[in-house]
Amino acid sequence: MAVFETLTLAERARQLGNPEGAVGLAVADWLNENNRQANAKNVALLGGDAGNRVLEIGFGNGRTVPDVIAQALDVTYCGIDISPTMVTEASTFKAALVASGKASFDLASAENMPCAEDSFDSVFSIGVIHFWTEVMRPGGSMPMACLAPREAPDFARPEHGFHLRDAASWDALCRAAGFTDVHVETVESEQITPSGAPIRRYGIIVRGRA
């Protein structure tokens, strides 16, 4: 993805956190393809039951939605994202699911969700660090995937909005937030840099139950 190489570190971080315009669409496509294996693993952790309502925080271009809905009968999906570009892209990509009421894509942040408390059976996110137990039903589950500090990309710095935590820090943070049965796993994956070079990346998958 040559366009990514032309961006400054701050611009790369901004487009990853809030994709915008044609560059944002290209970044989202690259992320979806590059993280396909890790995304599938995180979605599988949802362990969806029939009739579940699932919330995704930061859905990007919405490519994980069919896998979420396919987990069980009558699963409904709600996604929120802070990027107008991604809301439009996902809504267009899955217009049929939106029309049928199986999926919705809303412009919103984790701090200001357009939903009532106890609305969801599961909340998940890939590459987003904010999760809120109060929007989940009692007994709901939270799988989350994010970058690990180990050998993180050069743009993943606090000054660019990235706040990476190791496994022990995530465990403590989730328990302090009221989650129980917390499991934190560090995973490795083979990925491709925007310039096309192979690279090993490290991520963290956090699971908790409210």
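Let me begin with a definition: a residue is called buried when its relative accessible area is under 20%, exposed when that value is over 50%, and partly exposed in between. With that in hand, Tyr 77 is a buried residue, since its relative accessible area is 3%. Please keep in mind throughout that what we are looking at is a predicted model.

I will stay with Tyr 77 for a moment, and turn to its aromatic partner. The ring centres of Tyr 77 and Phe 105 are 5.7 Å apart and the ring planes stand at 50°, so this pair is classed as tilted. Tyr 77 belongs to strand 2, residues 76-81, and Phe 105 to strand 3, residues 103-107, so the pair ties together parts of the chain that are 28 residues apart in sequence. Phe 105 is buried as well, at 8% relative accessibility. Beyond this pair, ring pairs link Phe 59, Tyr 77 and Phe 105 into a cluster, and the count of aromatic pairs in the model comes to three.

The charged end of Arg 150 sits over the ring of Tyr 202, at 4.1 Å from the ring centre. Arg 165, in turn, lies over the face of Trp 170, and there the distance to the ring centre is 5.0 Å.

Let me move on to the salt bridges, of which the count is eight. Which residue forms a salt bridge with Glu 188? The partner is Arg 200, and the closest N and O atoms of the two are 2.8 Å apart. Glu 188 lies in strand 6 while Arg 200 lies in strand 7, so this pair ties together parts that are twelve residues apart in sequence. Both ends are partly exposed, Glu 188 with a relative accessible area of 46% and Arg 200 at 35%. Salt bridges with shared partners join Glu 188, Glu 190 and Arg 200 into one network.

Next, a few words on the backbone. Glu 151, in the loop between strand 5 (136-147) and helix 8 (167-176), has a phi near 50°, which is a positive value in a residue other than glycine. Asp 181 likewise has a positive phi, near 50°, and is not a glycine either; Asp 181 lies in strand 6 and is partly exposed, with a relative accessible area of 49%.

I will finish with a loop residue. Is Thr 193 buried or exposed? Thr 193 counts as buried, at 17% relative accessibility, although its place is in the loop between strand 6 (180-192) and strand 7 (198-209). Leaving aside residues up to four places away in sequence, Thr 193 touches Trp 30 and Ile 199.

Note on methods
Residues numbered from 1 in each chain as written. Predicted model: local features only at pLDDT ≥ 70, side-chain atom pairs only at ≥ 80, totals over all residues. Heavy atoms only, no water. Phe/Tyr/Trp six-rings, centres within 6.5 Å; stacked < 30°, edge-to-face > 60°. Helix = DSSP H or I, 4+ residues; strand = E, 2+ residues; numbered from the N terminus. Buried < 20%, exposed > 50% of the residue type's maximum accessible area, 1.4 Å probe, protein only. Lys NZ or Arg CZ within 6 Å of the ring centre and 35° of its normal. Contact = heavy atoms within 4.5 Å. Salt bridge = Lys/Arg side-chain N within 4 Å of Asp/Glu carboxyl O.
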